[in-house]
Amino acid sequence: MRTAMVAAVVAALIIPATAQAAPLAVEDLGTLPGDLRSTAIDINDSGTIAGVSYGTGTTQHAVRWDRWDGIKKLADLGFDSWAAAISRDNVVVGYAVTSAGATQAVKWNSSGTLVQLAVAGATSSVAYDINDSGTVIGTATINGVSQVVRWESWGEARVLGTGSASRITNGDWVIGTSGADVVRWNASGVRTVLDTGTFAGVNQLGDAVGTTSAGGVLWLRGGKTQLGTGARPSDINDNGAAVGVVSSQATRWDVFGGGVETLASAPSTASEVNSSWLVAGTVGTSAATWDMAGTQTLLPTLSGAARHSVSGLSEVGQVIGVANFANGTYHAVVWR
């Protein structure tokens, strides 16, 4: 009890004052010329966004929306490409398809230059995340087996073992899966099996959330906390908050204090939370935010859109997502 109380007080003291008031406007990020659909996948604190623009059929292009310059197609290998994450320094990671039809893990520097991330013996690879030090993690298929790979900022690759890695923190914690297990690797590559289950989100300290057969779970560095059979957590911040859904209702958990707060009635979702306890999600067909006190703000809707979803939230309170239209198309959007 004393440990939890102290941790809660410390967390309250280090909550940054970076979160701004709820975004006042929605911006249609659009598509590349001739494309039909787009998705916003990640945003950094400068407001630069990584995502994908889709053409006819299955054609897709990794793109970056610079804060003031609009959409930009990122270089490829002559075929499709896909973006997964963006760093503080506007470096984007993902994959580009080769002439052999295989996915090749790549990163795009802030200038847009494409760099292929090599892995000895790999027949295909994908980069899924990058931290602010420039370390990239992803997956490579070697001898027919999926392997977790870590690329240092200078390009050196290290295979951590079988599985697939999806997130890396600024503290160099890597989270992913191996078989049916959720796994965490530390900066030295030491592997810890957290549970048999599904991974959903991680904070910069290496705490993770997900689900097991027993329901929602917090995998904290100091142990595991069960959230109940109906809980489906999706994200966790560094300062003691986790968010997700319980019985189709947006929910926020106090990690240290043990409390649980229903943010909105069904149908609603809480998808993202930043270090100031600002939550982004949906209520019905609209995107919404909730501040630390739980006050709800419905975000402006894009004209003509039938439904909105949330895919990211920055530390300064900018929200990204997708607006779906009745004709089946969709566009990346940002609220800022």
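The legends below walk through several close-up views of this predicted model. Residues are numbered from 1 along each chain as its sequence is written, and side-chain values use heavy atoms, with hydrogens and water left out. Because the model is predicted, local features need pLDDT of at least 70 and side-chain atom pairs count only at pLDDT 80 or more, while totals for chains, interfaces and linings use all residues.

**View 1**
The largest pocket has a volume of about 1,200 Å³. A pocket here is an open set of points on a 1 Å grid over the protein atoms alone, where a 1.4 Å probe fits, with protein on both sides within 12 Å along at least five of seven lines. The volume is the space filled by probe spheres set on the points, which are joined across faces, edges and corners. Lining residues have an atom within 4 Å of a point, and there are 43 of them, with D42, R167, Q204, E272 and L313 lying nearest the centre. Elements giving two or more residues to this lining are β2 (37-43), β6 (81-86), β10 (122-130), β14 (164-168), β18 (198-202), β22 (231-236), β26 (268-273) and β30 (305-313). Strands are DSSP runs (E, at least two residues), numbered from the N terminus. By residue type, the lining divides into 15 nonpolar, 18 polar and 10 charged.

Two strands pair if DSSP finds at least two bridges between them. β30 and β31 (residues 319-325) are joined antiparallel over 7 bridges, and R307 has N324 in β31 as its bridge partner.

**View 1. β32 and its two partners.**
On one side, 4 bridges join β32 to β1, with G30 opposite A332. β31 is joined to β32 by 6 bridges, also running antiparallel, and A332 is the bridge partner of V322. In the hairpin of β31 and β32, 4 residues lie between the strands and G328 takes a positive phi near 95°. How many residues of β32 (residues 330-335) are buried? The count is 6 of its 6 residues, where buried means under 20% relative accessible area, exposed over 50% and partly exposed in between (1.4 Å probe, protein chains only). Y330, A332 and V334 are buried on one face, and H331, V333 and W335 on the other.

**View 2. The sheet that includes β26.**
Here an open sheet of 4 strands runs in the order β26-β27-β28-β29, with antiparallel pairing. The edge strands β26 and β29 (296-298) each pair on one side only. The twist averages 30° from one strand to the next. β26 is joined to β27 (residues 279-283) by 5 bridges, and S268 stands opposite V283.

**View 3. The hairpin of β14 and β15.**
The antiparallel strands β14 and β15 (residues 174-178) are joined by 4 bridges, with S164 opposite T177 in β15. Between the two strands of this hairpin are 5 residues, and D172 in the turn has a positive phi of about 70°.

**View 4. Salt bridges.**
The structure holds 11 salt bridges, each a side-chain nitrogen of Lys or Arg within 4 Å of a carboxyl oxygen of Asp or Glu. R150 and E152 form one, their closest N and O atoms being 2.8 Å apart; R150 is buried at 5% relative accessibility, and E152 is buried at 14%. D76 and K73 form another at 2.7 Å between the closest N and O atoms. Both residues are partly exposed, D76 at 25% and K73 at 39%. R64, D66 and K72 are linked in a network of salt bridges.

Definitions and conventions: Ala, Val, Leu, Ile, Met, Phe, Trp, Tyr, Cys and Pro count as nonpolar, Asp, Glu, Lys and Arg as charged, and the others, Gly among them, as polar. Axes are lines fitted to C-alpha atoms, for helices over the stretch in contact, and angles run from 0 to 180 degrees between N-to-C directions.
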